[in-house]
Amino acid sequence: MQLYVDSANLTEIRHAAAMGFISGVTTNPSLLAKEDPSLDIKSLLLDIHASVGGHTSVEVVSTDTDGMLREADEILTWFPEATIKIPFIPAGLAAVRNLANRGIPTNVTLLFTANQALIAANAGATYVSVFLGRLDDISTDGVQAVRDTAEIWDVHGLESQIIAASIRHPIHLLECAKAGAHIATTPYKVLMQSIKHPLTDAGLAAFLKDHEAMMAKKS
Ligand code: G3P
């Protein structure tokens with residue numbers, strides 16, 4: 001399972017990218033709205049893309065097919081490798097089909113069931129983003145939606161990549177990897193929580209202390 005960072009914050013994205021294990025970044029209008037309002041969105045997205053150097057999903061905000069396609073074409077003038085993130089609504093599915101027919105990658109977002117993911121895949125989605133955390137928020141098993149989606153993908157050999165999105169904590173990462181998600185797009189905080197382990201820190205401190213003691217004896 002590949003790891004993307006789910007953020008529009010350049011400091012977070014640069015730090016995550018520098019560690020070498022991130023292969024993409026996903027943004028959305030809410031993440032962009034958290035950033036400094038004086039920042040130019042196009043420049044910010046270009047900086048984000050340059051920082052990661054891999055997959056970069058940029059979401060449209062139109063709710064009609066023509067508007068989504070106009071936005072997609074504009075984003076592609078900014079950087080042609082962009083993946084266009086489209087909401088799972090009927091107008092969005094038509095936009096996904098149009099973009100797929102032109103060979104433009106899409107990430108269909110706001111999916112909450114395996115059936116929705118299946119429909120998005122049939123519309124030509126390159127990526128399907130299942131929002132598990134928001135399901136957990138309403139007392140529904142979010143990981144099960146990822147598991148169901150992965151099972152359907154296995155049975156039918158579907159090609160779209162399953163993105164586990166709306167990840168809230170390290171156990172979500174673990175469960176999504178076991179469920180068969182291809183990618184987990186993960187908040188920076190959860191990536192850092194997943195890296196940190198008290199035994200790693202204590203072990204390193206002991207190694208360094210022993211090394212220093214050995215060097216002191218040799219001198
Ligand atoms: O990638 C989707 C993600 O940004 C949604 O996360 O935490 O707003 O449910 P959240």
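Predicted model: local features only at pLDDT ≥ 70, side-chain atom pairs only at ≥ 80, totals over all residues.
**Exercise 1. Which residues of helix 4 are buried, and which elements do they pack against?**

Start with the list. In helix 4 (residues 65-78), the buried residues are Thr-65, Gly-67, Met-68, Leu-69, Glu-71, Ala-72, Ile-75, Leu-76 and Trp-78. Buried means under 20% relative accessible area, exposed over 50%, and partly exposed in between, with a 1.4 Å probe and protein chains only. Helices (H or I, at least four residues) and strands (E, at least two) are DSSP runs, numbered from the N terminus.

Residues are numbered from 1 along each chain as its sequence is written, and side-chain values use heavy atoms, with hydrogens and water left out.

Next, the neighbours. Those buried residues of helix 4 pack against helix 3 (41-52), strand 3, strand 4 and helix 5; contact means heavy atoms within 4.5 Å.

Last, a check on length. The 14 residues of helix 4 should span 20 Å at 1.5 Å a residue, and the end C-alpha atoms are 20 Å apart, so the two agree. The expected span is 1.5 Å times one less than the number of residues.

**Exercise 2. Which residues touch the most other members of the largest nonpolar core?**

The core has 60 residues, and the ones that touch the most other members are Val-5, Ile-48, Ile-84, Ile-86, Val-128 and Ile-167. Helix 4 gives the most to this core, with six residues. By a nonpolar core we mean a set of buried Ala, Val, Leu, Ile, Met, Phe, Trp, Tyr and Cys residues joined through side-chain atoms within 4.5 Å. In soluble globular proteins, nonpolar side chains tend to be buried together.

Now zoom in on Ile-167. Leaving aside neighbours within four places in sequence, Ile-167 is in contact with Leu-132, His-172, Leu-173, Cys-176, Ala-184, Thr-185, Thr-186, Pro-187 and Val-190.

**Exercise 3. Trace how strand 5 pairs with strands 4 and 6.**

Take strand 4 (residues 83-87) to begin with: strands 4 and 5 pair in the parallel sense over four bridges. Two strands pair if DSSP finds at least two bridges between them. Pro-87 has Thr-109 of strand 5 as its bridge partner.

On to strand 6 (residues 127-131), which runs parallel to strand 5 and is joined to it by three bridges. Here Val-108 has Val-128 as its partner.

Finally, burial. Strand 5 (residues 106-111) has five of its six residues buried, so the rest of the structure largely encloses it.

**Exercise 4. Is His-55 buried or exposed, and which side chains does it make polar contacts with?**

His-55 lies in strand 3 (residues 55-59) and is buried, with a relative accessible area of 9%. Its side chain has a polar contact of 2.6 Å with that of Ser-57 and another of 3.4 Å with that of Tyr-127. A polar contact is a pair of N or O atoms within 3.5 Å; within protein, one must be able to donate a hydrogen and the other to accept it, and residues adjacent in sequence count only if both atoms are side-chain atoms.
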